[in-house]
Amino acid sequence: MKNKPIVEERVIFEHGACDEVLRHSGAQDIDDRYLRHDIEGMTDPGEPEVVRHFTRLSYMNHSLDAGMYPLGSCTMKYNPKVMESAAGNEGFSALHPMAPQSMVQGVLELMYGVGEYLKAMTGMDSFSLQPAAGAHGELAGMLIAAKYHRTIGTGRNTILIPDTAHGTNPASAAMAGFKVTNIPSGSHGMIESGTLRRFIDGDTAGIMLTIPNTLGIFEEQIVDIAGLIHDAGGIVYVDGANFNALLGKARYGDMGADIVHVNLHKTFATPHGSGGPGAGAIGVSSVLREFLPVPVVERRDRRFVMNCGLRHTVGRLVSFYGNTGILIRAYAYMRMLGTSGAGQVAETATLNANYIRALLKDRYNLPYGTPTLHEVVFNDALQNVNGVKTIDIAKRLIDYGFHPPTIYFPLIVHGAIMIEPTETESKEEIDRFVSAMRSIADEVRDDPQLVIDAPHTTPVRRVDEVKAAREPRLVYRR
Ligand SMILES: *Cc1c(COP(=O)(O)O)cnc(C)c1O
């Protein structure tokens, strides 16, 4: 039995022109019964109250402007302010999304440039810049894979996903209507082609591989893996969210990827903004070009045009052109790096993570000896004594002025502490972080209660994180 896709395919655009498509993009399309006209109990503050309220809130938060944010997998790197001023340029910020294409040639050229740069760096054939986040790019990729198999009539419906994949991967595959089969990684923290072979059958539609995977490890057998999947008639999807680890060093297209998404907000210094606005640009090999989400930007002689007329397109994913402001910031970063400077991103990100690994591995346990790239994952084998848990260590770091790393992920590492310094941190800042981690390890040994009760310095101490996520209270009540 086939799963029914949760996401129905939207209108497919037959014509090359985008004007009609773009016209139907705004709130006027939302049925009136879903629009709220006032909020019960909402106050009506003046400007000083609003400014002070948000400024006060901002003091209570940690940000990259305040210090290191070593959140593994999330790549919270410092975004240079010059990217903000590029995006704030009135020529961009004052553009109306319905302006005719002849009047927005500059921004179309910029988007074309982003696509060309991504093509050169990833080795993919074509890009769509529509997806508004990494997970959105994955969904786009899975919709493409599903439509590809429908179009050529294979009836295949299973996607293979390793246990070292990012957590959003199985969700994206399921939303596109696929069944998901979990592939166990080997003792070196990577997928082994011998194991994979056992899971491939006549229903295999493809594989979703996170490269580097969530252990920070490069899948060394990727070329064999891609060969196996292709021989079986499947699609190789690569989650390239953490492309900053490979930028300028290796290309997904050369590894055999058919579809890849890249998080511009992790690789090219643009803000994340809690789940958006981001940009999860999606690239495909030439066979899948006609399936890309529309519109795509193309060059016709000296003009740049939006094309909505791809033959098998999975349709549109966002209103208008996608998160253009993010694309502008990414483009500024790409131009700053050039193609020759790109390799420095991967080198420094990898060096920084391995520096931390080397300086902490006597005090925190490494579950895998395999060399890692841009992040390092420890488990809780040494600290899970004296009643101290990984979460306590994470909370204690706040007292030292750092945002906690990612914890309890990936799931295959017990009590995981996943640290990603990124390439934008200086040696001095990383040394401060390492010394904080080492003194916490001392505290766990000498004064565990100090760690268990942390944080001690914040306006809010421990919150019920599960309840906060499951029952968020979003309405203001006086
Ligand atoms: C961050 C990340 C994602 C999801 O990206 P979002 O922009 O947060 O949706 C997917 N895969 C990997 C490997 C990631 O690190």
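1. Asn-213 counts as buried because its relative accessibility is 1%, where the cut-off for buried is under 20%. This is a predicted model, and the value is computed from it. Asn-213 sits in the loop that runs between β4 (204-210) and α9 (222-231).

2. The side chain of Asn-213 has polar partners. One of its polar atoms lies 2.8 Å from the backbone nitrogen of Leu-215. With the side chain of Glu-219, the Asn-213 side chain makes a polar contact of 3.0 Å. Beyond its neighbours within four places in sequence, Asn-213 is in contact with Glu-219, and also with Thr-164, Gly-189, Met-190 and Glu-375.

3. The space inside the largest cavity is about 50 Å³, and the search of the whole structure finds one cavity of 30 Å³ or more.

4. The largest nonpolar core holds 92 residues, and Leu-196, Leu-264 and Phe-268 have the most contacts inside it. Helix α5 (residues 105-122) supplies the largest share of this core, nine residues. Another core, of 21 residues, lies apart from it and includes Ile-419, Phe-433, Ala-436 and Val-451.

Definitions and conventions. Residues are numbered from 1 along each chain as its sequence is written. This is a predicted model: local features need pLDDT of at least 70, side-chain atom pairs count only at pLDDT 80 or more; totals for chains, interfaces and linings use all residues. Side-chain values use heavy atoms; hydrogens and water are left out. On a 1 Å grid over the protein atoms alone, a cavity is a set of points where a 1.4 Å probe fits but cannot get out, and a pocket is an open set with protein on both sides within 12 Å along at least five of seven lines; lining residues have an atom within 4 Å of a point. Grid points are joined across faces, edges and corners, and a volume is the space filled by probe spheres set on the points. A nonpolar core is a set of buried Ala, Val, Leu, Ile, Met, Phe, Trp, Tyr and Cys residues joined through side-chain atoms within 4.5 Å. Buried means under 20% relative accessible area, exposed over 50%, partly exposed in between (1.4 Å probe, protein chains only). Helices (H or I, at least four residues) and strands (E, at least two) are DSSP runs, numbered from the N terminus. A polar contact is a pair of N or O atoms within 3.5 Å; within protein, one must be able to donate a hydrogen and the other to accept it, and residues adjacent in sequence count only if both atoms are side-chain atoms. Contact means heavy atoms within 4.5 Å.
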